[in-house]
Amino acid sequence: KGEEGEGEEDSEPIPTTPEPKEWVCLGSDREIEEAFVSNSRPLFKFVVSRKRKLFGAPCSFSDDISRDSLESATHIVSQTDSTAYELQTMELERGIQVIPEASDVACQTEWLKPCNAATQYAPRTMTSSEADEIMSDPAMAKFLEKVTPRLEVTLQQNEIMNLFEDDYRNLSDRDWITVNKNDANLKEYQSFTDLHFSKDKMVNWIDWHPTIKGIISVACGGIYSFESRIELSSRLILSSHLILLWSFTDPIHPQLFLEAPDDIACFKFNPTHPNIIAGGCINGQVVLWNIQEYQDRIQINKTQESNENRGAAADLAAFETDPKLDHAPIVQHCAVSSIDQGHKMTVCDLHWISPDIEVCTKTSTVIKPTSSGSCVQLLSCSIDGTVMFWDVRQPFQRKSDAAAPKKPTDDNPFDYLDLSWKPFHKILLPRTEYPGGFSASTVSIKSIATGLRASENSTVLNASRPPLHELYQQQGEGLQIEEASTSYIVGTEDGEIVFGDWVLRKDAESGKMQAPRPSHNFNSHCGPVCCLERSPAFQDIVLSVGGWTFCIWKEGITSDALIKSSNSLVPLTGGAWSPTRPGVFFITKVNGNIDVWDLMDKSHEPSLIQNISSLPLTSIRPFPKKGGQSMVAVGDASGTLHVLEVPWNLAHPSTNEESIMETFFQQEVERLKFTTERAAVRARDRKAVEEARAKAEEEPAVEDQDKWEEEAKKDYEQYLALEKTLLTELGVLKDEADNP
């Protein structure tokens, strides 16, 4: 069988290519010829011409049925006989496409009416004899012995952990928020501008109300050079110089105006008495306002129970304008400093001193306050080279005083300060290297009042603390606080950072009690220092901004700045720390950009660069309170105030951020110490090398004469041998020898 199978497989034919056969026409060539279109006659050729003068001439068409027109024109009559144009169809192709049919069908279920149902069960009771019988049963005793340990453990667990506690209520702000990493930009929450009082002016200063949310103040001034102010002095005296109070409830109309004798360069709300506002003018005067009368107008009612109450609250928040004016009320200043005793030039910076300390009016030492935790003193600096301390309380009246000082009046509680207000302590800033003084543009001390404590409430605060005009200055030197800091940091118009102490000391030359000269100064900026901001988390960390760079300093480190930025492409105009994150700060620029630096992310470049305005940004102020919505206010050179919403990742601190930043600054201190020591070592080495080089040039080394002569003789002999060889090769020496 195997052989037969193999034979059958071998007998199968091998496939080959078939031989081509002759083509036979079956009529398809005729169909192709019939389908081909060819001309049955020669084509007609027509030449249409027109005179050149008629090119572009307008055409007018009209009906003309005259005999002359029929002879000169071709008249085409419509054919009504349809048979004359009948065409015979030789071939017709048709197709049919089948598509599914669609139909809409609806079905309505039967609606069942809901109804409430309830079932009442009767309690299961037993008699006392039945209860005694069950309790005396051995099975019950065995059951109780079995479950008693479990019940004790359960009771202990209930004592340790509350089973009925709401876990969702205990979640922190970060547990339920889903962060969108792509949404990390500043968003403009609101913008404020006034067409009459802030347009085409520069925003000089911004400050938030300490207790009322949604109230922000702006000081705007004209953009004039010194020469322009002299030329326009007569017109500028008659113009209004105002601080505008804005409310988020009305972004179009300012809620209040504070009038000043000249343009305001800086101002601050009193943190403990928000109705008192202090400001500095460009003419050197310090101004005080009291808005107690308008407190109810700017207070926003948050508890609105009905639509009627909501409308009444809105009417209350929107200011009642004076019928004689077309704007909000204008508040006159209640006190202004003396022109002779105050600053001589622009007041560039101003701060309220913390209520936890008080500067003695006699010795300028830090003493224990007696003003019931109120901010009663403030600090100011000017480009005239002075730093001054002011007190808003009434001076202590002695019986021996001949002229009694002014007393508060009902119309003006601070009338005792008006035109007679003078500083109780003045610090001069003389230079140490050469004559002259430092022109202070900003100042910072460690004891600056930043706001209310977390436990204080504005309503209780106003009721518990007496008004400032009812307080008197301390008499005597008071109880001194030894551990309090008395150092200050000043930024100048020349870009210098100056460190000093304000406590009066006896001068060795004159023998008078006066503030000592500044101890250290660093030329760290190539332009005026426009900002000195202390970190809210670390009071000894200071941010300075000026020119094209910014620096971070640590108070007590007098060798140099901890961090110095590289030169920016455009000048910087301001800076501020984030009140919620210790490692974040903001920098404003002339090109309208704002840089957000996050030291937790990177320290060599900003984490975010965003354009806010096409004009230079002139002032910045973050919302000072922690918790809730984080905002930052920025003003530009056109008088517009931009309120920006800070993204979540730049407003909420990460885990242990404060301790991480503390370690970061401590490492920078150690790095600065190491680089300072290495710089000193390299300076000593460089000096030693230069001294050795100078000594070598003055006293050259004397070589051994014999050794020098021996080497010179050896070189001369080698030269003679080389010369003899060369002359012999040239044949010159032989010729000379042959000729005697």
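Tutor: Start with the sheet ordered E6-E7-E8-E10 in this predicted model. It is an open sheet of four strands, paired antiparallel.

Student: What makes strand E6 and strand E10 edge strands?

Tutor: Strand E6 (264-269) and strand E10 (335-336) each have a single partner strand, so one side of each has no neighbour in the sheet.

Student: How do you know that E8 and E10 pair?

Tutor: Pairing needs at least two bridges. Strand E8 (residues 286-290) and E10 have two bridges, in the antiparallel sense. Leu288 stands opposite Ala335 in E10.

Student: Why is the pairing called mixed in the sheet E2-E3-E4-E5-E9? What is the sense of the E5 and E9 pair?

Tutor: That sheet is open, has five strands and is mixed in its pairing. Strand E5 (residues 256-259) and E9 contribute a parallel pair, over two bridges. Phe257 has Ile330 in E9 as its bridge partner. At the edges stand strand E2 (202-208) and strand E9 (330-331), each with a single partner strand.

Student: Why is strand E24 called mostly covered?

Tutor: Buried means under 20% relative accessible area. In strand E24 (residues 541-546), six of six residues are buried. On one side these are Ile541, Leu543 and Val545; on the other, Val542, Ser544 and Gly546. Both faces are therefore covered.

Student: What pairs with E24?

Tutor: Strand E23 (residues 529-534) is joined to E24 by five bridges, running antiparallel. Cys531 stands opposite Val545 there. Strand E25 (residues 549-554) pairs with E24 over six bridges, also antiparallel. Ile552 in E25 is the bridge partner of Leu543.

Student: How many residues lie between the strands of each hairpin?

Tutor: Six lie between E23 and E24. Two lie between E24 and E25, and in that hairpin Gly547 takes a positive phi near 65°.

Student: What makes the largest cavity count as one?

Tutor: A cavity is a space where a 1.4 Å probe fits but cannot get out. The count takes those of 30 Å³ or more and comes to one. Ten residues line it, and the closest to its centre are Ser354, Ile357, Ser374, Val376 and Gln377. The lining divides into five nonpolar, four polar and one charged.

Student: Where does pLDDT stay under 50?

Tutor: Residues 1-8 are one such stretch, with zero contacts beyond four places in sequence. Residues 301-325 are another, with 21 such contacts. The protein averages a pLDDT of 81.

Methods
Residues numbered from 1 in each chain as written. Predicted model: local features only at pLDDT ≥ 70, side-chain atom pairs only at ≥ 80, totals over all residues. Heavy atoms only, no water. 1 Å grid on protein atoms, 1.4 Å probe; cavity = no way out; pocket = protein on both sides within 12 Å on 5 of 7 lines; lining within 4 Å. Points joined across faces, edges and corners; volume = space filled by probe spheres on them. Nonpolar A, V, L, I, M, F, W, Y, C, P; charged D, E, K, R; others polar. pLDDT = per-residue confidence, 0-100. Contact = heavy atoms within 4.5 Å. Buried < 20%, exposed > 50% of the residue type's maximum accessible area, 1.4 Å probe, protein only.
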